[in-house]
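Work through the exercises below with the sequence and the 3D structure open. Try each task before reading its solution.

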Amino acid sequence: MAEMKHKKEKFFEVPYFYAGGEYLYSYGEISKFFREVVENKRLFATKCVRCGKVWMPPRGHCPDCYEETEWVPLSGKGTVMSCTYCYFSGMSGDLIRFLDLPYVCALIKLDGADTYMLHAVAPPEAKLGVVKTGTTVNVVFREERTGSIADFYFVPET
Amino acid sequence: MRKVAIVGVGTIPWRSRYEDYTWRALGLQVTKKALEDARLTVKDIDSVVYSIYCDLMMRQQSPTPLIQDYLGMEGKPCVRLMAGATGEMYALYAAFSQVASGMADIVLLPAIQKGQDWYSFETRSRGDGLLKGFSISTNTTWMQPVLPGVPVYLTATFVVPHIEKYGTPTPEQLGKASAKNHRNALVNPEAQLKVDVSAKDVMNSRIIAWPTTMYQCCLYSDCAAALILASEEKAREITDTPIWISGIAVSSFYTARFEAAALGRLIAVEEAGRRAYKMAGVKDPLHELDVMEVHDLVTGCEILMYEELGLCEPGQGGRLVDDGIVEKEGILPVNPSGGRVAAGHVGGVSGLYSAACVVRQLREQAGGMQVPIRSGRGLVQANDGLSGLVGISILERR
């Protein structure tokens, strides 16, 4: 029995494109964030009406209080809390189509927000050590914006 | 609560791709092996708990009815657990609960996953197809558009902040720990990658996300594994060497909200470990466990795990590598199978494969991988790619 006997017949492969591959996706309660990015090049966070914590990424509700949140504008400046230099990208992250490797993947605390956002910092010359924990950064919006966090990225503040 | 034992294990080799078997056939192979190992037949099974991680990877939504049919399990209860890449540990938790509660006496637990049928027609690469498809396992709104890969996330969120706080793990320690797992895989007949790399080779391999290099990143594979769980009464009828699940816990932590406390820590690992130790009565894991199989999705996380699992103080994980404590010949061998970087990895299966490895260690049937069994206890850990969901189990021969 049951040792994995390799059958010698050649296997047969066919291409297949699954039916569920396209979406017209609603951002629901966080729609304002993406509308502001696309239309006004502005970043917004959400603030819990009860505890006052400012959530970035934004959330419609505070997970600590279960209360609704309200929108607060951010300046787009922030500080790197942790980061790594990426030299390889095999994924379809949209930003890799616009940024050259290596770039910096960072957890960024935006000024005015209490929680951090995972995003990319693209210094003109991405040498190890150029961007590090504590580096202050500024948002840059790309010209073609489609309603994704890949519509913007960060650069070190000059 | 009734005692629960593992009475059968079934595994197949890790491969980059099983082009000659569909996922259903892989599921049948491991089920057949587990039934043989336990000397049981399909009619002895009361209930089936499946771990099948991702439908898209296998080109099949709702796989449960299809595999239930393929395995000839008609009429029996079946559930499928999905919890990121640690669904198998959540499935083990569910199967354990069924037996412990008395809902079932004998439960089959197959874990099945293929990923390498994914293909990029644009680049003519399976790897690109897999990574692209797989990327929607991360948060598609707040991560996927900017994240070049899971190793990047793990490095930025956990490994780098730990290095900034403690100065460890150093690149040399990362190299040694990865080389250890690669060396261990050389004697695992089921390992996918058998290359004898030195710590220097690891450090000099392609940088993925500093300080994580290629040989510190997990493989991605096609695989399946199965366990059979039984109540104490049945287990004693079935086998002379039941391996008891004396501790089991699952836990979760943030994957979309980051605050200072979350950086450099694997908090869900610590939490699940603490609960599993309490349940099993483990007080000094370094000296009370004989073997550990953990998820080294990147090598840095394996080293952080030594600390989170209480083998040493925070910041001392790298020293366990330097001192040889986690080597196969050390006080507590970690990943004698080769772990995720060398044995193989696919979401939903790896943890059950690790459990099967620890069962064989405790039965002293692990062949070239065998480590000395002193106290008769081992630990299995698995987490999802973002380390937000974690499952841990303590297995015991008594």
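**Exercise 1.** In which sense do β4(A) and strand β7 (residues 136-141) of chain A pair, and over how many bridges?

*Solution.* The model is predicted: local features need pLDDT of at least 70, side-chain atom pairs count only at pLDDT 80 or more, and totals for chains, interfaces and linings use all residues. Residues are numbered from 1 along each chain as its sequence is written, while chains are lettered from A and ligands numbered from 1 in the order in which they are written.

Step 1. Find the strands, which are DSSP runs of E with at least two residues; helices are runs of H or I with at least four residues, and both are numbered from the N terminus.
Step 2. Apply the pairing rule: DSSP must find at least two bridges between two strands. β4(A) and β7(A) are antiparallel, with 3 bridges.
Step 3. Locate one pair: T136(A) in β7(A) lies opposite T79(A).
Step 4. Continue to strand β8 (residues 152-156) of chain A, which runs antiparallel to β7(A) and is joined to it by 5 bridges. There, F152(A) is the bridge partner of F141(A).

**Exercise 2.** Determine whether chain A is spread out or a compact globule.

Step 1. Compare the radius of gyration, taken over C-alpha atoms, with the globule rule, 2.2 Å times the number of residues to the power 0.38. Chain A is more spread out than a compact globule, because its radius of gyration of 21 Å is well over the 15 Å that the rule gives for 158 residues.
Step 2. Check the extents: the C-alpha trace of chain A spans about 65 × 40 × 35 Å along its principal axes.

**Exercise 3.** Describe the side of chain A that touches chain B.

*Solution.* Step 1. Count the residues in contact (C-beta atoms, placed from the backbone, within 7 Å): 39 residues come from chain A and 39 residues from chain B.
Step 1. Assign them to strands: β4 (77-86), β5 (103-110) and β6 (117-121) of chain A each supply at least two residues. β4(A) gives the most, with 6 residues.
Step 2. Sort by class, with Ala, Val, Leu, Ile, Met, Phe, Trp, Tyr, Cys and Pro as nonpolar, Asp, Glu, Lys and Arg as charged, and the others, Gly among them, as polar. This side of chain A has 26 nonpolar, 11 polar and 2 charged residues.

Methods. Contact = placed C-beta atoms within 7 Å.
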